[in-house]
Amino acid sequence: MSHSMLKNIWLPYTQMQTCNSPIIAKKTQGSVITLQDGTELIDGIASWWTACHGYNHPYIANHVQQQLQKMPHIMFGGIIHEPAICLSQKLAKLLPGDLNKVFFTESGSVAVEVAMKMAIQFWLNQSKITKTKILSFYGGYHGDTMATMAVCDPEEGMHHLFKDVLPHQHIIPLPTTKELKQQFRNFLENHHHEMAAILIEPLVQGAGGMLFHDPDLLLFLRRQANHYNILLIFDEIFTGLGRTGSLFACNQADVVPDIITLSKALSGGTMALAATIAREHIFNGFLSEHENHALMHGPTFMANPLACACANASLELFNQYDWKINITHIEAQLSQELSACLQLDIVKDVRVKGAIGVVELYKIDKLNLLKTKLLQHHVWIRPFRNIIYLTPSFTITTAELSKLTRAIFDVLSH
């Protein structure tokens, strides 16, 4: 690609002065990306784990085409539409407990911001003006906007430049041991009066390092949140909609958070869409004769009809094939084939959960070179920091997945 083609593009997470020219995608199908020059790549990360059913699924495409003929977009202020009504009902039925009040947005970061805003205003509406802080955890990632940067791991590197301008939030170690659980209780004992909510990615902390924890931890957090009268927010933008082997990660702990956020795979990787879903008592906390007790938030493209049509189709697809069996097979194959990497001196750990496979290195000295070498194996894998990970579509074939795992082993071996 000529340099002139990049002159007007600003890429994400990229030092533009030193970056190599990006590849150009021409089309997608299933788990395959076809480049402009005809090269085919096996996609190991499903476009940041959005394309859960694979690219260009005809069922989703058909729904998009039908909706496009009717109404591509309409504002959601004071007027609603059938795709959003249908999607809200589907989500309410699928989510556990009384998580049934759906607020639509168009990106994961904004969905988390709305969750934080809901939690804080829930208390403000009750004149509990000190409960304005969000408690989150090291290893967590919740977005790149100003408010969400403040609840991400401050040491992981992505947002450290902003540490002096971000609003102060409490970020502590995940209570995964007996000692850390006691430290957690002590923290809440001292700070519960100022805490609006606890925010966590359940089961897997994604972009902060692909760190896993047990379902029991979620039950512990639920009990502590109840005891200290603090709300519990699950950020399931990464873990939701099948990625960990259950439809939602919270299903594995039988825990119902007060608020949950969804995005990424919500539209089947087709259009930008996110949702923040609250329980009944949270929603009721905004019902009042006072206008300023309403949730004053409204993204211009919230509940976009096309995106909602995609999501409705994507959710219906979960009933049209045995995705759980697929993920069981993906998990077993990832466990078996990635375990070969443990024999390499540069590999610190290999871990697998559902359709997530992680190879953790002690360090990656030349990240761009590693990306280039993987590309030479005709696979699309995007390592970060010291992590190489796979989050394939649930419809990937055994052969395609083997090509991905083999590429990782071969590149690390040489």
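Mentor: Helices (H or I, at least four residues) and strands (E, at least two) are DSSP runs, numbered from the N terminus. Ala46 sits in helix H1. This is a predicted model: local features need pLDDT of at least 70, side-chain atom pairs count only at pLDDT 80 or more, and totals for chains, interfaces and linings use all residues. Residues are numbered from 1 along each chain as its sequence is written, and side-chain values use heavy atoms, with hydrogens and water left out.

Trainee: How many helices and strands are in the protein chain?

Mentor: The protein chain has twelve helices and 16 strands.

Trainee: What does the radius of gyration say about the protein chain?

Mentor: The radius of gyration is taken over C-alpha atoms, and the globule rule is 2.2 Å times the number of residues to the power 0.38. For 414 residues, a compact globule would come out near 22 Å; the protein chain has 21 Å, which agrees. The C-alpha trace spans about 60 × 55 × 45 Å along its principal axes.

Trainee: Which share of the residues is buried?

Mentor: Start with the cut-offs. Buried means under 20% relative accessible area, exposed over 50%, partly exposed in between (1.4 Å probe, protein chains only). In the protein chain, buried residues make up 51% of the 414 residues. Take Ala46 again: it is buried, at 2% relative accessibility.

Trainee: What is the phi of Ala46?

Mentor: Phi of Ala46 is near 50°, a positive value in a residue other than glycine. Lys264 also is not a glycine, and has a positive phi of about 45°. Lys264 is in the loop between strand S11 (259-262) and strand S12 (274-279). Its relative accessible area is 27%, so Lys264 is partly exposed.

Trainee: How do I read the accessible surface of the protein chain?

Mentor: Accessible areas come from the Shrake-Rupley method with a 1.4 Å probe; for residues, only the protein chains shown count as cover. The total for the protein chain is about 19200 Å², and 54% of that belongs to carbon and sulfur atoms.

Trainee: Where do the mean positions of the positive and negative charges lie?

Mentor: First, the counting. Lys and Arg count as positive and Asp and Glu as negative; His and the chain ends are not counted. The place of a charge is NZ of Lys, CZ of Arg, CG of Asp or CD of Glu. Here there are 32 positive and 35 negative charges, and their mean positions are 2 Å apart.

Trainee: How many aromatic pairs are there?

Mentor: Rings of Phe, Tyr and Trp (its six-membered ring) pair if their centres lie within 6.5 Å; planes under 30 degrees apart count as stacked, over 60 as edge-to-face and the rest as tilted. By this rule there are nine aromatic pairs. One of them is Tyr13 with Trp48, edge-to-face, at 6.2 Å centre to centre and 80° between the planes. This pair links distant parts of the chain, 35 residues apart: Tyr13 is in the segment before strand S1 (25-29), Trp48 in helix H1 (residues 46-49). Tyr13 is exposed, at 51% relative accessible area. Trp48 is partly exposed, at 43%.

Trainee: What about Phe76 and Phe104?

Mentor: Phe76 and Phe104 form an edge-to-face pair, 6.4 Å centre to centre with 80° between the planes. Phe76 lies in the loop between helix H2 (58-70) and helix H3 (82-94), and Phe104 in strand S4 (residues 99-105), so the pair ties together parts 28 residues apart in sequence. Phe76 is partly exposed, with 21% relative accessible area. Phe104 is buried, with 2%.

Trainee: Which residues form one aromatic cluster?

Mentor: Trp49, Phe238, Phe384 and Tyr389 form one.

Trainee: What share of the contacts joins residues 24 or more positions apart?

Mentor: Contact means heavy atoms within 4.5 Å. Of the contacts in the protein chain with a separation of 6 or more, 70% are between residues 24 or more positions apart.

Trainee: Which residues does Glu400 contact?

Mentor: Glu400 lies in helix H12. Leaving aside neighbours within four places in sequence, Glu400 is in contact with Ser31, Val32 and Ile42. Glu400 is buried, at 18% relative accessibility.
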